[in-house]
Structures are given as C-alpha cells and as structure tokens.
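Hi,

Here is the structure I promised to send over. Please have a look at it first, and then read on for my notes.

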Amino acid sequence: MKMAEGGIYIYVSQNIAKQVSVLSMSPETGKLTPVQDIKVDGKAEPMCISPDRRFLYLALRSKPFKVASFAIDGQTGKLTLLGYTPVVESVVNLSTDRTGRWLLCAINPNEDHTTLDRYAGGRRTGNGQVQHAQAALPQPSILLKPAIQE
C-alpha cells in the first residue's frame, strides 16, 4: 500500500499472470478499485518501494533472472516501466537502504546478495556473501502477494 498525493494505492505482484496490478483503496470504505495491470517479462514476486515512494522494484523469478524498475505516478498510482536489470540468480527478497540509493537483493540458493545503485541506471555494482539482511523503512509500506500454488 502506498499513500500518495492522489490517494492510497496497493501493488500486487502476480506470479502466474506475470504482472503487477495497481488498485486504489477508498480510505472511508476500504473498497478496492482496479487502476492498472502491467505485464512483465517473468514471474513477478518480491517487491519493494523506495523510501521517497517514487519507485517500485520487482524481482522476476524466472530465467533470465532480473529486477524490473518502475516509476510511480504520485497522483494516479500508475506504474511506468523504466527497465530491467539482470541479476545472477533468483531474487527472494528486495529492500532499499534508508536513503533509497541502494537496492539490496537477497539471492537463492547460495545466500549471495547483489547491490544495485539506483543512480547508476540500475546496473549491478557488486556481489558478496551475506547471512541475513534487514532494512528499516521510514514509513510502513504494505505490498501484497497472493498465495498461489503452481
């Protein structure tokens, strides 16, 4: 869920449909209204929103593995695809640092991580080993992922 100038927006990754759905939510009733479905080049799974709430990042967990970057329209909640960045393996979790400059990607199966620099066009800037990863966001965000069996 994202609080924006234009309202409350919810982003739902859909693995089997290979898309992200944008819904608006009425603050008074909680009613959800479809805003946009945007197709992506793979199985859509983990997502995160930048701390400034201008970007949404989505890991695609089918080969070739990559991360999609979207701009978020603050008035409508709609997403605009900015591009894809390849990663070495399937990303199981995404998070930005507190500044939003670095996108941290936890990767299976070897507990590796990849760091992407948002200001360097999203290109991969490093790899390393990490046992556990955690990030604190300045405001709560809710991203919904439906539980669907394949």
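The accessible surface of the chain is about 8,300 Å², and carbon and sulfur atoms account for 52% of that area. Areas come from the Shrake-Rupley method with a 1.4 Å probe, and for residues only the protein chains shown count as cover. Please keep in mind that this is a predicted model, in which local features need pLDDT of at least 70 and side-chain atom pairs count only at pLDDT 80 or more, while totals for chains, interfaces and linings use all residues. Residues are numbered from 1 along each chain as its sequence is written, and side-chain values use heavy atoms, with hydrogens and water left out.

Of the 150 residues in the chain, 42% are buried; buried means under 20% relative accessible area, exposed over 50%, and partly exposed in between (1.4 Å probe, protein chains only).

The secondary structure consists of 12 strands and 0 helices, so the pattern along the sequence is β-β-β-β-β-β-β-β-β-β-β-β. Both kinds of element are DSSP runs numbered from the N terminus (helices: H or I, at least four residues; strands: E, at least two). As for contacts (heavy atoms within 4.5 Å), 39% of those between residues at least 6 apart in sequence join residues at least 24 apart.

Now to the charged side chains. How many salt bridges does a search of the whole structure find? The search finds 3, a salt bridge being a side-chain nitrogen of Lys or Arg within 4 Å of a carboxyl oxygen of Asp or Glu.

- Lys66 pairs with Asp41 at 3.7 Å, N to O. This pair links distant parts of the chain, 25 residues apart: Lys66 belongs to strand S7 (residues 66-72), and Asp41 to the loop between strand S4 (32-39) and strand S5 (44-49). Lys66 is buried at 14% relative accessibility, whereas Asp41 is partly exposed at 47%.
- Glu45 meets Arg61 at 3.5 Å, N to O. Here too distant parts of the chain are linked, with Glu45 in strand S5 and Arg61 in the loop between strand S6 (55-60) and S7, 16 residues apart. Glu45 is buried, with a relative accessible area of 16%, and Arg61 is partly exposed at 26%.
- Arg54 bridges to Asp52, with the closest N and O atoms 3.6 Å apart. Arg54 is partly exposed at 47%, and Asp52 is partly exposed at 36%.

Most residues other than glycine have a negative phi, and most peptide bonds are trans. Which peptide bond is cis, with omega near -5°? That bond runs from Lys63 to Pro64, and Pro64 is found in the loop between S6 and S7.

Positive phi values turn up in two loops. Lys18, with phi near 55°, lies in the loop between strand S2 (7-14) and strand S3 (19-25), and is partly exposed, with a relative accessible area of 37%. Arg53, also not a glycine, has a phi of about 60°; Arg53 is placed in the loop between S5 and S6 and is buried at 12% relative accessible area.
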